Amino acid sequence: MSVEQVLFWAFGTCIVVGAAGVISARNAVNSAMALVATFFFLAGIYLLLWAPSLAVLQVLVYAGAIMVLFLFVIMLLSLSETESQGGRMTLSRILGGAAAAALLWALESTLLRIAPVARSMATAPSRDFGTLKSLGVLLYSQYLLPFEVVSLLLLVAIVGAVVVAKSRI
Amino acid sequence: MVPTSHYLILAAILFCMGMFGVLVRRNALVVFMCIELMLNAANLTFLAFARARQDMSGHAAAFFVIVVAAAEAAIGLAIMIAVFRSRGTLNIGEIKTMKY
């Protein structure tokens, strides 16, 4: 096994375990910490996919900013009470598990059929593939309009968050 | 070398786990975290195809997904604070009406 395979299986196992922790933890704070761990291992997977700039953004924006926001809200609302139904098999759990399993089966059968098309994983990409410089050039040339629209979206989100969360203006 | 299909199947597993959490959990904040898991699975798919096709457009798409997720988290958590302030719970089984 090459180093890439070892890292892929290690990170993949940690991601699945972390996601299982997110959906199974009783306490919301434990869910949030499992989600932070999942995001870190996902950043490792992004590095394996030659996307170092996206991996750094993942750690900075997701594991940093967004999860701190989540933890702030959890602690602000003091949601420490656990959910009432423990490890019982309720109807919604059975139906949800069946739906998720059906979707997974459909996705996997489709993905395994289209996978042989893309076979250029063996060749290493060019030197500037995935660097911050080439990503910036792409964003400011080909994707300039979406970039500006998304900055407007962030502005609207800031104003909207203040307006919605404030009790009285 | 790890083939593209491995990355895609990992993304599919992550997406389905997020969907299971959205369908099953009752705490609105945990449901929100599971939505973040599903967004990350989509990002992983974008990056896997970008690597396979040696095309950086997938990186731009993943970048935009991260930005939209940040905006969504800010607005969604503000809405949750407003909901919790008006009715004192975040259990989605008890939140049935828009107006309270």
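Does A:Phe41 count as buried, partly exposed or exposed, and how many C-beta neighbours inside 10 Å does A:Phe41 have? A:Phe41 counts as partly exposed because 19 C-beta neighbours lie inside 10 Å; a residue is buried with 20 or more other C-beta atoms within 10 Å of its own, exposed with 12 or fewer, and partly exposed in between, the C-beta atoms being placed from the backbone. The model is predicted: local features need pLDDT of at least 70, side-chain atom pairs count only at pLDDT 80 or more, and totals for chains, interfaces and linings use all residues. Residues are numbered from 1 along each chain as its sequence is written, while chains are lettered from A and ligands numbered from 1 in the order in which they are written.

**Chain A**

- Chain A has six helices and zero strands, where helices (H or I, at least four residues) and strands (E, at least two) are DSSP runs numbered from the N terminus.
- Of the 169 residues of chain A, 24% count as buried.
- Among contacts in chain A with a separation of 6 or more, 56% join residues 24 or more positions apart; two residues are in contact if their C-beta atoms, placed from the backbone, lie within 7 Å.
- A:Phe41 lies in helix H2 of chain A and, not counting residues up to four places away in sequence, touches A:Phe11, A:Cys14, A:Ile15 and A:Gly18.

**Nonpolar core**

- The largest nonpolar core has 71 residues, and those with the most contacts inside it are B:Ala11, B:Leu14, B:Met33, B:Leu44 and B:Leu47; such a core is a set of buried Ala, Val, Leu, Ile, Met, Phe, Trp, Tyr and Cys residues joined through C-beta atoms within 7 Å.
- Two or more residues come from each of H1 (3-24), H2 (28-48), H3 (52-77) and H6 (144-165) of chain A, and from each of H1 (4-24), H2 (28-53) and H3 (57-87) of chain B.
- H2(B) gives the most to this core, with 14 residues.
- Leaving aside neighbours within four places in sequence, B:Leu47 contacts residues of both chains, including A:Tyr46, A:Leu54, B:Gly58 and B:Ala62.

**Interface between the chains**

- In the interface, 62 residues of chain B are in contact with 70 residues of chain A.
- On the side of chain B that touches chain A, H3(B) supplies the largest share, 22 residues.
- That side divides into 48 nonpolar, eight polar and six charged residues, with Ala, Val, Leu, Ile, Met, Phe, Trp, Tyr, Cys and Pro counted as nonpolar, Asp, Glu, Lys and Arg as charged, and the others, Gly among them, as polar.
- H2(A) and H2(B) pack at an angle of about 5 degrees, with their axes 11 Å apart; axes are lines fitted to C-alpha atoms, for helices over the stretch in contact, and angles run from 0 to 180 degrees between N-to-C directions.
- H2(A) is therefore roughly parallel to H2(B), a class that covers angles under 35 degrees.
- Residues making this contact include A:Leu35 and A:Tyr46 of H2(A) and B:Met33 and B:Leu47 of H2(B).

**Positive phi in loops**

- Most residues other than glycine have a negative phi.
- A:Trp50, in the loop between H2 and H3 of chain A, has a positive phi of about 60 degrees and counts as buried, with 20 C-beta neighbours inside 10 Å.
- B:Gln54, in the loop between H2 and H3 of chain B, has a positive phi near 55 degrees and is partly exposed, with 15 other C-beta atoms within 10 Å.

Technical notes
Parallel < 35°, antiparallel > 145°, perpendicular 65-115°, else oblique.
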